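Here are my notes on the model you sent. They go point by point, with the cut-offs given as each term comes up.

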Amino acid sequence: MKLYKLHDLFMLGGKTRENYPLLVIGHTTSPQEEVDLTLINAINNLIIPDDCTLPGVDIILAEQCQTLSSAIDLVGCTIKVPGFTDNTGGVLGNPHTPMESACGECEEAPAGWKILTFPGGPGIAFQSEKAINLDVIKNAVQLPLQGKEYLYNLAKQAYEAGVDSLLAVTDGTGKEAKGSAVIQHKRDYMLWSLDEV
């Protein structure tokens, strides 16, 4: 497993016990040792059953993300599970609140964060000291690119719109899925795909 930190954001890449690549991103103000232990335990305890359904992958990810609430304020995850043709395997949200399906509406989160999740992805969380025109973010989501290039352009447009910090994930499971994640603070960013884990 590899863990990267950027300001108060993190990105962890690794593989489950079943050897499925995954990326976990988030925002935290907890001590690093507590975050490391919490993340490692969550990954070690993540199991995708052989008879898992398409929506079941996201439900399992969301449930596992909620176990991180003691150390993490916002969390997202993307995973690549073989055997699915339709896209799934990407979640992002506030682990302190009940799970909800992606709806494309802006949700408020702690510390001035806002969360936008879209059916079929991506999941985006952002923070800004100034008011952001949500249409800029929603329009950036419509970019025709996929994978790392898609998230790079999304992060670039968000920064140009005045976003200070950003978290974003795309679905990692399915025939057309190109699971990737980005963390960004000001002009600095870390971008990673499941194919690189």
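1. Contact here means heavy atoms within 4.5 Å. Setting aside neighbours within four places in sequence, leucine 116 is in contact with Gly104, Glu105, Cys106, Pro122, Gly123, Ile124, Phe126, Leu134, Ile137 and Lys138. Leucine 116 is buried, with a relative accessible area of 0%. Buried means under 20% relative accessible area, exposed means over 50%, and partly exposed lies in between (1.4 Å probe, protein chains only). The C-alpha atoms of leucine 116 and glycine 93 are separated by 8.7 Å, and the two residues are 23 apart along the chain.

2. A word on the basis. This is a predicted model: local features need pLDDT of at least 70, side-chain atom pairs count only at pLDDT 80 or more, and totals for chains, interfaces and linings use all residues. Residues are numbered from 1 along each chain as its sequence is written, and side-chain values use heavy atoms, with hydrogens and water left out.

3. Leucine 116 sits in strand E7. Helices (H or I, at least four residues) and strands (E, at least two) are DSSP runs, numbered from the N terminus. E7 covers residues 113-117, and four of its five residues are buried.

4. What lies on either side of E7? Strand E6 (residues 106-108) runs antiparallel to E7 and is joined to E7 by three bridges. Strand E8 (residues 123-127) is also antiparallel to E7, with five bridges. Two strands pair if DSSP finds at least two bridges between them. Glutamate 107 has isoleucine 115 of E7 as its bridge partner. Lysine 114 is partnered by phenylalanine 126 in E8.

5. Check the turns. The hairpin of E6 and E7 has four residues between the strands, and alanine 111 there takes a positive phi near 60°. The hairpin of E7 and E8 has five residues between its strands, and glycine 120 in the turn has a positive phi of about 85°.

6. E8 and strand E9 (residues 165-169) are antiparallel and joined by five bridges. In E9, valine 169 is the bridge partner of glycine 123.

7. Now the cores. A nonpolar core is a set of buried Ala, Val, Leu, Ile, Met, Phe, Trp, Tyr and Cys residues joined through side-chain atoms within 4.5 Å. The largest has 26 residues, and Val24, Leu39, Ile48, Ile72 and Ile79 have the most contacts inside it. Strand E2 (9-15), strand E3 (21-27), H1, H2 and E4 each supply at least two residues of this core. H2 gives the largest share, five residues. A second, separate core of 19 residues includes Leu116, Phe118, Phe126 and Leu151.

8. Look at helix H2 (residues 54-66). Its buried residues are Gly56, Val57, Ile60, Leu61, Ala62, Gln64 and Cys65. Their cover includes helix H1 (32-44), strand E4 (74-79) and strand E5 (90-93).

9. How many disulfides are there? The count is zero, where a disulfide is a pair of cysteine sulfur atoms within 2.5 Å. The sulfur of cysteine 103 is 9.5 Å from the closest cysteine sulfur, in cysteine 106, too far for a bond. Cysteine 103 is partly exposed at 41% relative accessible area. Cysteine 106 is partly exposed at 27%.
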